[in-house]
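Student: I am new to this structure and would like a close look at one part of it, the pairing of charged side chains. Could you take me through it slowly?

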Amino acid sequence: MSYQRFVALGDSLTEGLDDPYPGRPMYRGWADLVAERLACDEPALHYANLGVRGKRLDQIVVEQVPAAADLEPDLVALCGGANDLMATRGFDHEVVANRVRAALRLLTDIAPEVVVFTLSDVSGRIPLVRWMRSRIEAFNDAVRTAADVHGARVVDLWPDESVHDLRYFGRDRLHLSEHGHRRVAGHVLDTLDVRYEPSWLAPLPGAPHSPGPLSHARWFWGSVLPTARTRVTNRLTGRCSGDGFTPKRPQLRPVLDDLLSVDRDTPRPA
């Protein structure tokens, strides 16, 4: 089916970190790519992106879901949950599962088509977060159960082996690179039964890069320590990492007159 109004909700992954438009001070990401592809079938498609880095599911429910409802979408995609799972204290599986259920219950009331994501297993790629594996598994179970109850489609990223290839990730090894966002866009379009550029889900050529000790050290000093310092500061000051940021595309705007004009090099489906 074709869509007229597509709204994406979530955190930094939905916002598009780390996939900048070439020569432009803004991020692209999987949601922009999906919107571009859908607009090829439906030139009248309008698209809004409410994703903001650092947001937890409870914040998404309070801040983004009502905004999405006002836009009266016929397709909604929610990609979030990672920030809930990274809490270092006071974490509760059932609390997070309740947030998932609340989000899907509300979203399926406002849109006839809802897409939600499981999370990939970053614990195998980043030794410092191996403790998160059980949380991710429980979260994914909650997503699948709630999606089944409320009739949402699931983009299942858990089994994707690309999670072990650093070429799909940015400098911090957590946010997606251009390759990673295109791969996620391919998964979303496949879930919607929409044709996509085959290269988006094809393995990257050559062997994955295996970082050495110097690369690990640079990553630790350049990404891990600054992130840890920011999280401690936020906890002490009562701030959240998304404070001060606003959605990059809060209103529905036509895709063909907007995104496609700044991204002429995006591959199109054959």
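Tutor: The side chains of Asp156 and Arg144 meet in a salt bridge, with 3.3 Å from N to O; the term stands for a side-chain nitrogen of Lys or Arg within 4 Å of a carboxyl oxygen of Asp or Glu. Asp156 lies in the loop between strand S5 (153-155) and helix H7 (178-191), while Arg144 belongs to helix H6, so the pair ties together parts that are twelve residues apart in sequence. Helices (H or I, at least four residues) and strands (E, at least two) are DSSP runs, numbered from the N terminus. Asp156 is partly exposed at a relative accessible area of 32%, and Arg144 is partly exposed too, at 31%; buried means under 20% relative accessible area, exposed over 50%, and partly exposed in between, with a 1.4 Å probe and protein chains only. Salt bridges that share partners also join Asp19, Arg28, Glu178 and Arg182 into one network.

Before going further, please keep in mind that this is a predicted model, in which local features need pLDDT of at least 70 and side-chain atom pairs count only at pLDDT 80 or more, whereas totals for chains, interfaces and linings use all residues. Residues are numbered from 1 along each chain as its sequence is written, and side-chain values use heavy atoms, with hydrogens and water left out.

Helix H6 (residues 133-150) also holds Glu137 and Arg133, four residues apart, about one turn of the helix. These two form a salt bridge, their closest N and O atoms being 3.6 Å apart. Glu137 counts as partly exposed at 34% relative accessibility, and Arg133 counts as partly exposed at 36%.

A further pair sits in helix H2 (residues 30-41), where Asp41 and Arg37 are four residues apart, about one turn of the helix. The salt bridge between Asp41 and Arg37 has its closest N and O atoms 3.3 Å apart. Here Asp41 is partly exposed, with a relative accessible area of 46%, whereas Arg37 counts as buried at 4% relative accessibility.

As a general point, side chains of opposite charge can pair when their charged atoms come close. A search of the whole structure finds 19 salt bridges, in a protein chain that has nine helices and six strands. Of the 270 residues in that protein chain, buried residues make up 50%.
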